[in-house]
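Please look over the sequence and the model shown below before reading on. This briefing is meant to be read with both in view.

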Amino acid sequence: MAAGPNSETGMATRAREAAPGIGELPNYVGGRFEVTGSLFDDVTPVSGAVVSRVHEADSALVDAAVHAARGAFESAWRPMPTAKRCALLHKVADGIEARFDDFLAAEVADTGKPASIARQIDIPRGAANFRLFANLMETAGTDCFEMDTPDGRGALNYSVREPHGVVGVIAPWNLPLLLLTWKVAPALASGNTVIAKPSEETPVTATLLAEVMDAVGVPPGVFNVVHGFGPNSAGEWLSRHPGIDALTFTGESRTGAAIMKAAADTVKPLSFELGGKNAAVVFADADFDAAIEGTARSVFANCGQVCLCSERVYVERPIFERFVAALKAQAEALVPADPWANDCTLGPLISAEHRTKVLGYYDLAKNEGAEVVTGGGVQDFGDARDAGCYVQPTIWTGLPDSARTVREEVFGPVCHVAPFDSEDEAIARANDSDYGLATAIWTRDLSRAHRVARRIEAGICWVNCWFLRDLRTPFGGVKLSGIGREGGLHSLNFYAEQKNICVKL
């Protein structure tokens, strides 16, 4: 293993400079950039070209990361005054902003998403998450209760937050920096140390984040990055490790179940944000143009690779035909150009493997009897993108709610649109799902909006909007869509145990 000292230019950057076009990404353990004897390719879904070569952590390196994180927790991070700890997190935010172009290039290369989107959302939110939770940690209060006692002197009960210790963060590939920092920032603000395992599909921004942590002086071992896969690799070793005190994961429901089983022996706190088969419900009285624009965004954003996307769209019958035609026009207006082009509005799927899965659902829908309103296949570009992972934005109608393509998460730029005739029917069909992450309700009737939002089984209900969030609010799902809540104090309450202290006066 090789080590690199804390420096303004980290090892990953030096490796990229030494091998233009194809750099090597090390792990980051105990303040040292570590390489291993096993490498795998990180490829861009835009063209299938290799972006970087990634050093896969072995079980010994994962174990070393746990020990480094434990040592840093006890000796450096937990004892550090909250104000000083939070000041360092503000420096991390500054560091992300100072290297904005590096993070942007990495995000676009790894995911293929339009640069215009990553520039406006992913990178700014990566920095903002550190500022939000640093500020919140410095101002968050806890409970205090006075109580009577038989002797009349009374007692005082107050609560404090105690960090768990070492937190394992397993991050997804669809919003790599945004969702990684959404977990890392509150975990660190609460006084924990972190071992992050980014997706093997999108490892670059996590490595850049390690370089920023290194450069701004976050103590060695406080933040660690181990690269690898799930089963029999870093993901499984992290989940099973007895030295991990809490685990947080965003990703597929089946993977969440596997992680839960792996972590069961040590009964550690878990936070899961998992899959969704989200329903949008459009009433005839909705602002039609706003509903079309919002639904198109909620179906096709990030090539449908957002857990919050709408894959089931229920439209009140009087406007059904008009709605389908207008949504078709929106889908066909999407532009799958070079992600750096100003007119690009649709990127590729994340990988060839995932494209095979999505195309399998495209075929399944046809076999189940769907009417393909638009799409259903792949684009033909006649350039390097033909070696990438693009698929056509797709709309289906005509399937029963029992069809697999209506019940199973596709995670692509696709939806099934169906008519409904009453409010009760729309609610029953929206709730007829194993998932319960999000819903979007479109109506001008305020009473109906409140009524329907209360009855739909989902952790997040949007009314006349989508993807609009105050970051202090609870975020999470029900049923197969997850366990626990993130956001604001909800995150702080997961990343720390609340201890009650009772003092007899």
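The structure is a predicted model, in which local features need pLDDT of at least 70 and side-chain atom pairs count only at pLDDT 80 or more, while totals for chains, interfaces and linings use all residues. Residues are numbered from 1 along each chain as its sequence is written, and side-chain values use heavy atoms, with hydrogens and water left out. Helices (H or I, at least four residues) and strands (E, at least two) are DSSP runs, numbered from the N terminus.

**Pockets**

- On a 1 Å grid over the protein atoms alone, a pocket is an open set of points with protein on both sides within 12 Å along at least five of seven lines, and lining residues have an atom within 4 Å of a point.
- A volume is the space filled by probe spheres set on the points, which are joined across faces, edges and corners, and for the largest pocket this comes to about 1,100 Å³.
- The lining of the largest pocket is made of 36 residues, and those nearest its centre are Trp173, Glu200, Phe249, Glu252 and Thr255.
- Two or more lining residues of the largest pocket come from each of helix H8 (234–240), strand S11 (246–250), helix H9 (253–263) and helix H12 (352–367), and H9 gives the most, with 5 residues.
- For the classes, Ala, Val, Leu, Ile, Met, Phe, Trp, Tyr, Cys and Pro count as nonpolar, Asp, Glu, Lys and Arg as charged, and the others, Gly among them, as polar; the largest pocket has 14 nonpolar, 11 polar and 11 charged residues in its lining.
- The second largest pocket holds about 630 Å³ of space, and of its 30 lining residues, Ile117, Arg297, Phe300, Ala301 and Asn302 are the closest to its centre.
- Helix H5 (115–139), helix H10 (288–300) and helix H11 (320–332) are the elements that give two or more residues to the lining of the second largest pocket, with H10 supplying the largest share, 6 residues.
- The lining of the second largest pocket divides by class into 19 nonpolar, 7 polar and 4 charged residues.

**Salt bridges**

- Side chains of opposite charge can pair when their charged atoms come close.
- A salt bridge is a side-chain nitrogen of Lys or Arg within 4 Å of a carboxyl oxygen of Asp or Glu, and by this rule the count comes to 30 salt bridges.
- Arg99 and Glu211 meet in a salt bridge with an N to O distance of 2.7 Å; Arg99 lies in the loop between helix H3 (82–98) and helix H4 (100–111), whereas Glu211 lies in helix H7 (residues 204–216), 112 residues apart.
- Both Arg99 and Glu211 are buried, where buried means under 20% relative accessible area, exposed over 50% and partly exposed in between (1.4 Å probe, protein chains only).
- Glu162 and Lys499 form a salt bridge whose closest N and O atoms are 3.6 Å apart, and the pair links strand S7 (residues 155–163) with strand S23 (residues 496–504), 337 residues apart.
- Glu162 has a relative accessible area of 23%, so it counts as partly exposed, and Lys499, at 41%, is partly exposed as well.

**Buried residues**

- Glu316, which has its place in strand S14 (residues 310–316), is buried yet has no salt bridge, and the nearest side chain of opposite charge, Arg448, is 4.7 Å away.
- For charge, Lys and Arg count as positive and Asp and Glu as negative, while His and the chain ends are not counted.
- Not counting residues up to four places away in sequence, Glu316 touches Val282, Phe283, Ala284 and Phe420, where contact means heavy atoms within 4.5 Å.
- In helix H14 (residues 423–431), the buried residues include Glu423, Ala426 and Ile427, and their cover includes S14 and helix H15 (446–455).

**Cavities**

- A cavity is a set of grid points where a 1.4 Å probe fits but cannot get out, and the structure holds 3 cavities of 30 Å³ or more.
- The largest cavity has about 70 Å³ of space, and its 15 lining residues include Arg312, Ala430 and Glu457.
- The second largest cavity has a volume of about 50 Å³, and its lining divides into 2 nonpolar, 1 polar and 7 charged residues.
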